[in-house]
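Me: I am new to this structure and would be grateful for a close look at one part of it. Please set that part in the context of the whole chain.

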Amino acid sequence: MEKIAIITSGGDCPGMNAAIRSIVRTCLYYGITPYGVESGYKGLIEGRMEELKSANVANSIHKGGTFLRSARSEEFHTEEGQKKALKNIEKNGIEGLIVIGGDGSLTGANVLFTKYGVPVVGLPGSIDNDIYGTDLSIGVDSALNTIVKSIDMLNDTASSHDRTFLIEVMGRRCGYLAVTAAITVGAEAVLIPEVKYDLEAIIEKIRKRYTAGKSRSIVLVAEGVGSAYDFGKAFALIGGFDTRITVLGHLQRGGSPTYFDRVLASRLGMEAVKQMKSGQYGVMMGLHNSAVVPVPLNVVLSNKKALDPYLLEIADVLS
Ligand code: F6P
């Protein structure tokens, strides 16, 4: 294998640059020429790719976002778009494609592999931690550190005013960020898409805590379960609490990757190149019990990552 191209696609996450750097440097170590595709599948369709030298990834491991840029491409969902992408892969002599992204991006990689025979290896990159086949995805740890730091600050002002804060975090289909954040900030309650909630029971619990002398309440809301503004209105109306809302939004996707994400991205990137060299394609490199392992893309994409009920238990018991 002489030429490998790299794509970052879908929602960006801290650690993508560290993964690109790792792939580039590992490729060069093995005498492979790495190419960077700009703006995900959109750039692949438009033929926007360039050779990457070692210097292109210098001073990048600590930077958030993705210097290759990312996009969500509608055109790639069409056969016409896919064929344009394939043409550019062939025209540039690309023999393997490493895709860093979430479920949608990995689905695109699987289409290129199964339908057109392109050798692909995927890396899980998404702050949501909703990708099956890996204990953690690149970006999750950084996003959680940002969330926890932000909520610690909100906690200060909430305590000064005996307020109830509803804090909305990302996670369209998955409550991982909300539940793990709830554990680490000592939230009173957490609302996530995977679990049915009883609003009146939560409000009653908060009321009792105030009566027992608690100076503030924190409720984590995963965006997939509904808007924190709507829940906030109910908390103020039914509970009569002095309620405030904070939506953390895209803050969670930015910033310098943590030590953990830098190491994870470096490991996954290196193993992705080794996987390409081994000739076993159509897989995603995942983290399983601290080891990096290849997981077939069809397994990744046909399974839903379940939220560990133990995390919910911890959040509930300690709240
Ligand atoms: O999938 C990652 C994610 O950050 C989700 O948590 C969020 O709902 C979505 O992307 C936001 O997407 P966009 O940046 O396109 O608004």
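Does Asp130 count as buried or exposed, and at what relative accessibility?

Reply: This is a predicted model, in which local features need pLDDT of at least 70 and side-chain atom pairs count only at pLDDT 80 or more, while totals for chains, interfaces and linings use all residues. Residues are numbered from 1 along each chain as its sequence is written, and side-chain values use heavy atoms, with hydrogens and water left out.

Asp130 counts as buried, because its relative accessibility is 13% (buried means under 20% relative accessible area, exposed over 50%, and partly exposed in between, with a 1.4 Å probe and protein chains only). Asp130 is found in the loop that runs between β5 (120-124) and α5 (140-161); helices (H or I, at least four residues) and strands (E, at least two) are DSSP runs, numbered from the N terminus. Apart from neighbours within four places in sequence, Asp130 is in contact with Asp103, Arg173, Cys174 and Lys305, where contact means heavy atoms within 4.5 Å.

As for the whole chain, the protein contains eleven helices and eleven strands. Of its 319 residues, 53% count as buried. Among contacts with a separation of 6 or more, 76% come from residues 24 or more positions apart. Along its principal axes, the C-alpha trace of the protein chain spans about 70 × 40 × 35 Å.
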